[in-house]
Structure formats: C-alpha cells, structure tokens
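Subject: A structure for you to look at

Hi there,

Here is the structure I promised to pass on. Have a look at it first, and then read my notes below.

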Amino acid sequence: MSEVKQERPASEDRTRRAATLTKARGGLVAAVLLASLLIGFTVDGPTLWGLAPIAIYAVLVLVGLDIMLASVAALVSGFLLLHIDPIDAAGMLGDALGTEIVEIGLIIMLGAGLGEVLTRTKGATHLVRMIVDRFGVDTAIRAQLSIMIASAVLVIALGTLIGAFAIAAPIVIPIAARLRFTKSGTALMMFIGGACGMFVAPFVGSMVAIREYSGISYPEYVLTAGGPLAIVCFAVGFAVIRYCQRRPVSDDDFYDDSDITDSTEELPKTARHSTIAFLLTFSVLVVYGVITRAGTSFAVVALIVMAVATGVAARMPVNDVLKAIYTGCGKLVDMFLLFWMLAALLAVVEELRPYDVLLERFGDDLKALGVFGFLVVVALIGWLGISGASAAQVIVIDRVFGPTAAALGVPVSAWAVVLLCSCQADTFGPFPGPNMISPMAFARSTALKRMIYCGWILLSASLVVYVVQLAVLS
C-alpha cells in the first residue's frame, strides 16, 4: 500500500507537467497566429516576414509539437500574413496537390506499400537470409559483415530503417547469440548498416528530394555525395563495432543460450520467387531511370511496378497485392498530408518573396563568405537548425537558400552534399533519435550511452566527409 501511495503523486506530477506543457504549446501557437494576423496588416510585397512561417514551423517542431500540427500552424500563419480570403487559400491548397513536393510525399507512401508487399510475401525475410548465406556466418568478422550488408540492402528495399530492423532482428539475433555478439554490438550493426544503405537508396523519399532539388543525376549523386559517405561510415562503423564487441557494457550485454535457436523458419517457395522478382524489377528500373535520366515522377511508377511484380511472383491474387499496398500506404498517410501542407506553405512563402530581400540586403555578405563558406554555413543550419521529416528538411533548405546558391554559382554536386548533410547528419547525433533507438529495442539492448558515443564517432567521420566533399566540389 505504501508503494502505491508513493507512486501516485509522481504519476499525478507527470500528468500535470504534460498538461502544462500542452497548454504552453497551445498558447505559443495562439500567440504566433495572433502576431501573424497583426503583422499581415503592415506588410506588402517582398518582405523578410515571409520567412516567419518557416521559422515558426522549425520552432514548433523543436518544442515538441506534432509535426503535422506544426505544419498546419505555420501554413495558417502564412495565410494570415498574406491576408487572403478562404477561397484563395483553398485555391492554393488545391494547386499544391500538383507540385513535386506532394509527389515526394506520395513516393514515401508508395515505398511503405512496397515494403508491406515484401513483408507479406516473406520476400524481405528471404532476401536477408540470401545475403547472410552468401557472405557466411562461420566467423565473427564474416557474420558482422553479413548483418551490416543485410541491414543496408533491406533499407534500400523497404525504404525505411525501422521496418528493416523489425524484419532483420529475428534472423540476426540467433546468429549474434551463437557467435557471442553483444546486444549493444548487434544494435550497432543493424543501425550503421541500415544508415549506410539509406545514403545510397534510389527510391527513398529524402534521397529523391535531394536529387530533385539539386538537379543531380543518380549516378553522379552516388559517386560524389551518398557513395563516399556510405563507404566511410561503413568502414569506420565496422571498426567501431569490432572495438565495442571486445568490451561488453555489462554481463547482461550478452544473449542467453535460449536465444541460440534455429532461425531457419520454413518459408514458402513463393518467398524466393518474390525476392527474385523484386531484385530483377528493381535493377531494371534503376538502370532504365539512369539511362533516361527520369525525374521524380518515375519513382512513383517504379514503386508501383515493383510492388505488383513482387506480389504477383509470389502468386498473390491481384486484389491481395492491392490491399497490401493500400495497407502500407495507409501507415504513412500522415506523411502525404504533411507534404501537402508543406507545399502550400512554401507557395505562401514564395508569394511573400523574402528571398528577394535576402539577396538585396545580404547578398554581398554571403558572397564575401565564398562558395565554400556559404555551403558550410547552410549545411550547419540544416543539420542543427531545421527539424522535421528528412525530405521536408531538404525542401525547406533548398527553398530558403537555393536562390542564393544559384546566384553564387554553386555546382549541383556541392549543393547535393549540402542537402544530404542537412537531412541526414542528425542520423548519428548529437542527440539520439528514433532511428538510433529502434535498433536497440529490436536487439534488446539498453546501452544507450554506448550507442550515443558510437554515434558521435560516426557523426565526426561523416562531418569530415562532408567538409572534404564541399572543399573538392566547390
């Protein structure tokens, strides 16, 4: 009874603090909208106040407001600054549906649909086993290499880190237990391998956004931006994991003997057909996209074709394939709505034309930094100053600083590196995020401190790569 009495006040305090924080956020949103309404009466034409909606979006996300609510609040703020009537606002929302920004949101949704098909057909599971069997698990080094490569390939296939970890963990853990890998080391293998796969994935939303807004082709992107980053992080991460493996966090950092189970769950024969169909269509579509220099819209078609081919090869009825796609897309419908709001928000910002004022007032100062100095400053702002979905970060950075980059004559390859740094540098830190914590959960590790420290090492290595790339490309 005494324990219950002690816990109740703590629970009530947490509830009270949460309620207070919610009210504070609501008050902040109300204050922001009121200020936007009042300022809207005083501004007209090109104005720096046009950057206010983007700043509001960033601040609201940083204080913990739901990203969708933050986007809506920022959009309403923009409408108030423009002082447009509801009919014109509705027109801007309608026009936003036809933009490339919303197209990227659709790509993210369809990627989830493809992932659902691969999961239901067991093609994703077969893909992991195929990689593990190919590289072998007879030694610790080969097993580590297999797990990291499997995680990378699975992220490329599914377009999501967390989904890849969920599929890989049941296969990886028995191998890790048998070879006496630590839980913290296993989490690092999945995390670092998956992150490296993300950097070079052709159909992941953030990577599509980088190519779309920088104007770089996929082969050039891999050669000059994502590829070098993935190679360095994979190599450094491999060495870091080997070091950590020899230094377990505690006795509880090892798996139990009960985890050394037979991970060869019998898969249907159609799983192999599903995997082969996916790999073939994926390869053909990537090659076709490279040869034809296909744009963003091609990713929409490619994801649908891959999903259908994968499901049909597994002898799924077409109706079931479509239902799987719908289910996967439904899990990320909020992302589609987010990008719709973001597209309308940026259209409002363009109406206010703050970039014209920026170039007029600060163009000479920015040019004084030189191309390299300007790119470093923008990359730091993107990494530390703008939060949200990674593809959304790319779009915001390009819309805010893209005109200045064009005026300075920044090469497309250098701009691609800046956009990559803006949206992906925070994968490794400085603070832990969902992509860092989720592999720990799947690997049953509680060594957050080790994950953070290792993330900082990878962050340092990636920042060096970004700086070298910018120095060479600019």
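Helix 8 and helix 19 cross in a right-handed way; a crossing is right-handed if the near helix is turned clockwise from the far one by less than a right angle, and left-handed if anticlockwise. This is a predicted model, in which local features need pLDDT of at least 70 and side-chain atom pairs count only at pLDDT 80 or more, while totals for chains, interfaces and linings use all residues. Residues are numbered from 1 along each chain as its sequence is written, and side-chain values use heavy atoms, with hydrogens and water left out.

Helices here are DSSP runs (H or I, at least four residues), numbered from the N terminus. Two packed helices are described by the angle between their axes and the distance between the axes. The axes are lines fitted to C-alpha atoms over the stretch in contact, with angles from 0 to 180 degrees between N-to-C directions.

Helix 8 (residues 161–178) packs against helix 19 at about 25°, and their axes are 9 Å apart. That angle makes helix 8 roughly parallel to helix 19 (under 35 degrees is roughly parallel, over 145 roughly antiparallel, 65 to 115 roughly perpendicular, and the rest oblique). Ala, Val, Leu, Ile, Met, Phe, Trp, Tyr, Cys and Pro count as nonpolar, Asp, Glu, Lys and Arg as charged, and the others, Gly among them, as polar.

Helix 19 (residues 434–443) also meets helix 9 (residues 183–200): their axes come within 8 Å and cross at roughly 130°. So helix 9 is oblique to helix 19. This crossing, too, is right-handed.

How do helix 9 and helix 11 lie, parallel or antiparallel? Their axes come within 8 Å and cross at roughly 170°, which means that helix 9 is roughly antiparallel to helix 11. Leu188 and Phe199 of helix 9 and Tyr218 and Phe234 of helix 11 are among the contact residues, which divide into 14 nonpolar, 5 polar and no charged.

Happy exploring!

Terms used
Helix = DSSP H or I, 4+ residues; strand = E, 2+ residues; numbered from the N terminus. Contact = heavy atoms within 4.5 Å.
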